[in-house]
Amino acid sequence: MVTGSNRLKTSLGAIELDNPVIPASGTFGYGREYKDLYDLNILGAMAFKGTTLEPRFGNPQPRIAECPGGMLNAVGLQNPGLEAVIHEELPQLAKYFHKPLLANISGFSIEEYITCARAMDQQPQVTILEVNISCPNVHGGGLAFGTDPAMAAAVTRAVKEAVSKPVYIKLSPNVTDIAEIAAACQEAGADGLALINTVLGMRIDPVRRIPLLANGTGGLSGPAIFPIALQRVYQTALRVNLPIIGIGGISSARDVIEMMMAGADAVEVGAANLVDPFACRKIIDDLPREMDALGIETLQEIKGAALCQEK
């Protein structure tokens, strides 16, 4: 009988995690607002706020809108830029977080991806490079890279050639066949995948007769997209042989279990952190009880369980 914390252990390739719960990039900042609420070192890992080469002030307001089952956002990758993240944010983060760290990076050209990746690769705190080719809220190369297999492969190959740390490609659900793009990334040398990002959506203010978001459209996140995310992870896991981080609408321990049964090796929790700042801690605390209720001894035994009929 496996007891204690070993029940929750998982891995992303050669990187071992104490549990599969990772706050998603964009919803946890650099952990500063959360560190006084609970010990962040109970997390499996952390993905800090997405970084671009130059500082970005993001899209105009309003850029967040609530909707049933989730929220819409068109934040636009607001961040202080590569130099500030490396010289200001990461040294502060090192004071209170000592677990695996995912550096989420974006770019508007392959050269920008390479520059950001090389810089993050040199940071001793960074464990994995999470390369975002999927953000639907920025007018630029990100969308094109994430929706075309050849371009996705080109970014993957270029980053892999420039760095030594594992490269995980973050994929968009706003495509015809996400598994085709995943396969292209695998062929180009990706060490793992992270999916999904937000689903394109919008709402309209019927009184003012204009979109709720200044950007017009945005990305839908929250529980409403969990079934979509689950299907995309399942579809991708059938196609590729890479570690997968499942993302999209995860808000409970049972969601984590479903996602791992669909083929994920770990998960990222996004919008739930904005609803409840203790969301990740609660999921970690609830996992053993949920496993007991379902007759699961360890998370290792359920990885890809739903794929067995297919493979």
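I count a salt bridge when a side-chain nitrogen of Lys or Arg is within 4 Å of a carboxyl oxygen of Asp or Glu. This is a predicted model, and I take local features at pLDDT of at least 70 and side-chain atom pairs at pLDDT 80 or more, while totals for chains, interfaces and linings use all residues. Residues are numbered from 1 along each chain as its sequence is written, and side-chain values use heavy atoms, with hydrogens and water left out.

**Salt bridges**

I searched the whole structure and got 11 salt bridges. Side chains of opposite charge can pair when their charged atoms come close.

I looked up Arg254 and Glu290, whose side chains meet in a salt bridge at 2.6 Å, N to O. Arg254 sits in helix α7 (residues 253–261) and Glu290 in helix α9, 36 residues apart; helices are DSSP runs of H or I with at least four residues, strands are runs of E with at least two, and both are numbered from the N terminus. For exposure I use relative accessible area: buried is under 20%, exposed is over 50%, and partly exposed is in between (1.4 Å probe, protein chains only). Glu290 is buried at 19%, whereas Arg254 is partly exposed at 39%.

Next I checked Glu89 and Arg32, which form a salt bridge at 2.3 Å, N to O. This pair joins helix α1 (residues 82–93) to the loop between β3 (21–23) and β4, across 57 residues. Glu89 counts as buried at 13%, and Arg32 as partly exposed at 37%.

I also noted a network of salt bridges that links Lys9, Asp18 and Lys99.

**Pockets**

My search ran on a 1 Å grid over the protein atoms alone; a pocket is an open set of points where a 1.4 Å probe fits, with protein on both sides within 12 Å along at least five of seven lines, and lining residues have an atom within 4 Å of a point. A volume is the space filled by probe spheres set on the points.

The largest pocket has about 840 Å³. Its lining holds 38 residues, and Ser25, Gly26, Thr27, Lys49 and Asn73 lie nearest the centre. I sorted that lining into 15 nonpolar, 18 polar and five charged residues, with Asp, Glu, Lys and Arg as charged, Ala, Val, Leu, Ile, Met, Phe, Trp, Tyr, Cys and Pro as nonpolar, and the others, Gly among them, as polar.

Then I turned to the second largest pocket, with about 250 Å³ of space. Of its elements, α8 gives the most to the lining, with three residues.
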